[in-house]
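Try each task before reading the solution.

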Amino acid sequence: MTSTARGRAALGWPEAAVEASMRTDGPDAGTRRLRVIAGDLDIELLPDRGLDLGQVRHRGVPLAWVSPTGWPRPSGGPFGATFGGGLVTTCGLLSFGPPSRDGEGEHPQHGRYTTLAATVTRAEVLDDAVVVEATIVEATVLGAHLELRRRIRVPRGEARIELRDEIVNRGARAVEPMVLYHVNLGRPLIQEGTLLHSPAERVVPRDADAEAGLATWAQFPAPADRYPEQVFAHELPADQWVSAEVHAPSGLGIRISFDTAALPGLFQWRVAQDDGVVLGVEPATAATILGRQDARERGLLRPLSAGQSWKLGLDIGVMSPEL
């Protein structure tokens, strides 16, 4: 599947293309890739990871953190051995946070979504944007049956990615989905002095390690040989379109925008180790990072009736000194 539109610079159009490929060697052999080029953005899409976003470059500069594991073929292994990072890892569709178990069955850390293969239904260069669409199904025998319809649109000339999801309950009874968008930012955007501007009304540490860094949650620290991961919950205003912004000392920045009516939770994950510098900005459907059981006990799960759907999504835009 290849769609291109090149040679329009004379008419004022930036170059755009969609190119399909398959990995042929290594632990990810046999997995698909889609490369989207739209002006200054070069985007790697991962169809065998639910059409999540891998590395994304702006004018050749990488924006995402990619873990040493990369994206091996999904095998049901532990999350820590298969979490490739990338600009967006979707967690869900039934759970995020630590592993748990309930009436829907066993839920691995951050859910099953990242192990699910997408059916790509559209990959097209239009006059005003590049559009890729896919369908992803999470289902069990006689259990929950959820279908996610994903649309990724990259407007030409705007250095912005629009990710839109619709979750449809195809089963015969109500289900309580949980979804978190794990946006992973890395070097050179994330470095000592990088600032996070949050729409939060209050920032709360998850545990003692985060408590130790609470006073400096907004400013990325100097990397050290060892640095425990820190997670902060950002308490958001209700029912508003909000933005979290990340600004590097160089002037390069990222804006992550979403609707708190659909995504009322926001979490920050940071690690400042010499061999692992990452800042996660994570909008979510429930304001807890402690898992499905905690969400149920706190009344944060919302039922999705049979045949009904939810619409979720976010925009990720690049800010640079020239824009």
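How much space lies in the second largest pocket? About 310 Å³ of space lies in the second largest pocket. A note before going on: this is a predicted model, where local features need pLDDT of at least 70 and side-chain atom pairs count only at pLDDT 80 or more, while totals for chains, interfaces and linings use all residues. Residues are numbered from 1 along each chain as its sequence is written, and side-chain values use heavy atoms, with hydrogens and water left out.

**Exercise 1. Describe the linings of the two pockets.**

Step 1: A pocket, on a 1 Å grid over the protein atoms alone, is an open set of points where a 1.4 Å probe fits, with protein on both sides within 12 Å along at least five of seven lines; lining residues have an atom within 4 Å of a point. A volume is the space filled by probe spheres set on the points.

Step 2: take the second largest pocket. Its lining has 24 residues, and G77, F79, T82, T114 and T115 lie nearest the centre. β5, α1 and β7 (88-91) each give at least two residues to this lining. By class, there are ten nonpolar, eleven polar and three charged residues, with Gly counted as polar.

Step 3: turn to the largest pocket, with a volume of about 530 Å³. It is lined by 25 residues, and F79, F83, Q109, E229 and W269 are the closest to its centre. At least two lining residues come from each of α1 (79-82), β20 (265-273) and β21 (276-284). The lining divides into twelve nonpolar, nine polar and four charged residues.

**Exercise 2. Work out what selected salt bridges connect.**

Step 1: count a salt bridge when a side-chain nitrogen of Lys or Arg is within 4 Å of a carboxyl oxygen of Asp or Glu. This rule gives 33 salt bridges.

Step 2: start with D52 and R150, whose closest N and O atoms are 2.9 Å apart. D52 is in strand β5 (residues 52-58) and R150 in strand β12 (residues 145-155), so the pair ties together parts 98 residues apart in sequence. D52 is buried at 2% relative accessible area, and R150 is buried at 1%; buried means under 20%, exposed over 50% and partly exposed in between, with a 1.4 Å probe and protein chains only.

Step 3: compare R296 and E176, which meet in a salt bridge at 2.9 Å, N to O. R296 lies in helix α3 (residues 292-297) and E176 in the loop between β13 and β14 (180-185), so this pair links parts 120 residues apart. R296 is partly exposed at 41% relative accessibility.

Step 4: finish with a network of salt bridges, which links D128, R153, E158, R160, E162, R164 and D315.

How values were computed
Helix = DSSP H or I, 4+ residues; strand = E, 2+ residues; numbered from the N terminus.
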